[in-house]
Amino acid sequence: MNGMEAPALEIDRVSHAFGKRLALDDVSLTVPAGRFVALLGPNGAGKTTLFSLATRLYTTRTGRLRIFGKDLASHPSAALAELGVVFQSRTLDLDLSVRQNLAYHAALHGLAGRAARARIAHLLGRVGLGERADEKVRTLSGGQARRVEIARALIHRPRLLLLDEATVGLDLASRADIVAIVRGLVAQEGLAVLWATHIFDEVQAEDEIYVLDKGRIIARGTAGEIIGGVAGPPSAPPAEGATASLEAAFRAMTSARSEDAA
Ligand SMILES: Nc1ncnc2c1ncn2[C@@H]1O[C@H](COP(=O)(O)OP(=O)(O)OP(=O)(O)O)[C@@H](O)[C@H]1O
């Protein structure tokens, strides 16, 4: 990998208020090219607001966002060309087939005909839905529909994928499938991923994690480092206990902040 390559995503001192409520307070975060980064935060932490800024649903008034070095405010088309997004809410057309949903999205990106068909077939294979291409989305399970949304987000070959609570409402097996697909895209295709979640067991010990709470990044590091930062260095590297320890560390950090505020 080229050491000079710009990060996939650079969020630099971004703040955002809704009226008087500060939803994001001086947030900085980096997703290196080809890496999986987790954004861990409870409901209301500001994850969706951050995604809305990154996709230009809202405009950034304070701070900067860059996607592979392209400034989102001054070069939005170039920046957004590198970006794929899976939003929290479902956005497929239930009465169209899987293939039609993807073809429609491909057309929006100027991809049609044979090239679109090949890309759609490749992506459906990648998310394990090659056999379901001609079925209506309405007939799919929640997990399968999410996988279609992942395929759709990748139609235009972005090198950065943002996922906002991608596994919410899914059963354990479907959640595991989605996590495995996304981690596979990082490992095998060099995709950079920002994975927003409030579910601790979706984070692995070696992942880079940013902990967002009430609009602020309150910790950054691997799960091991974050646990160590709260509890002192662990005597052994966290294994199965990593999830529980990370959750405990998170509770300790957030309750300390609530006491500060009180
Ligand atoms: N359009 C809006 N108008 C006013 N306040 C908002 C708006 N959107 C979000 N907020 C507030 O901003 C804060 C952050 O919300 P946000 O949706 O970004 O959090 P989140 O981490 O994505 O949580 P969730 O997973 O529940 O969506 C919350 O206090 C929320 O109530």
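Is Thr254 buried, exposed or partly exposed, and how many other C-beta atoms lie within 10 Å? Some notes on that and other spots follow.

1. Thr254 is partly exposed, because 18 other C-beta atoms lie within 10 Å. The cut-offs, with C-beta atoms placed from the backbone, are 20 or more such neighbours within 10 Å for buried, 12 or fewer for exposed, and partly exposed in between. Thr254 belongs to helix 8, residues 242-261. Its C-alpha sits 7.1 Å from that of Asp213, although 41 residues separate the pair along the chain.

2. Before going on, a word on the model: it is predicted, with local features needing pLDDT of at least 70 and side-chain atom pairs counting only at pLDDT 80 or more, while totals for chains, interfaces and linings use all residues. Residues are numbered from 1 along each chain as its sequence is written. Helices (H or I, at least four residues) and strands (E, at least two) are DSSP runs, numbered from the N terminus.

3. Now the ligand. The shell around the ligand includes Phe18, Arg21, Asn43, Lys47, Thr48, Thr49 and Glu165, where a residue counts as near if its C-beta atom, placed from the backbone, lies within 6 Å. Strand 2 (21-31) and helix 1 (47-54) each give two or more residues to that shell, and helix 1 has the largest share, with three. By type, the shell splits into six polar, three nonpolar and three charged residues. Here Ala, Val, Leu, Ile, Met, Phe, Trp, Tyr, Cys and Pro are nonpolar, Asp, Glu, Lys and Arg are charged, and the others, Gly among them, are polar.

4. Helix 4 (residues 113-126) is worth a look. Arg119, Ile120, Leu123 and Leu124 are its buried residues. Down the axis of helix 4, the buried residues fall within an arc of 130 degrees, so they line one face; the arc is that of the directions from the helix axis to the C-beta atoms. On the other side, Arg114, Ala115, Ala118 and His122 are exposed. Just after helix 4, Gly128 has a positive phi of about 75 degrees.

5. Four strands form an open sheet in the order 2-1-4-5, with antiparallel pairing; strands pair if DSSP finds at least two bridges between them. Strand 2 and strand 5 (70-71) are at the edges with a single partner strand each, so one side of each has no neighbour in the sheet. Strand 1 (residues 9-18) pairs with strand 4 (residues 62-67) over five bridges, and Asp12 is opposite Arg64 in strand 4.
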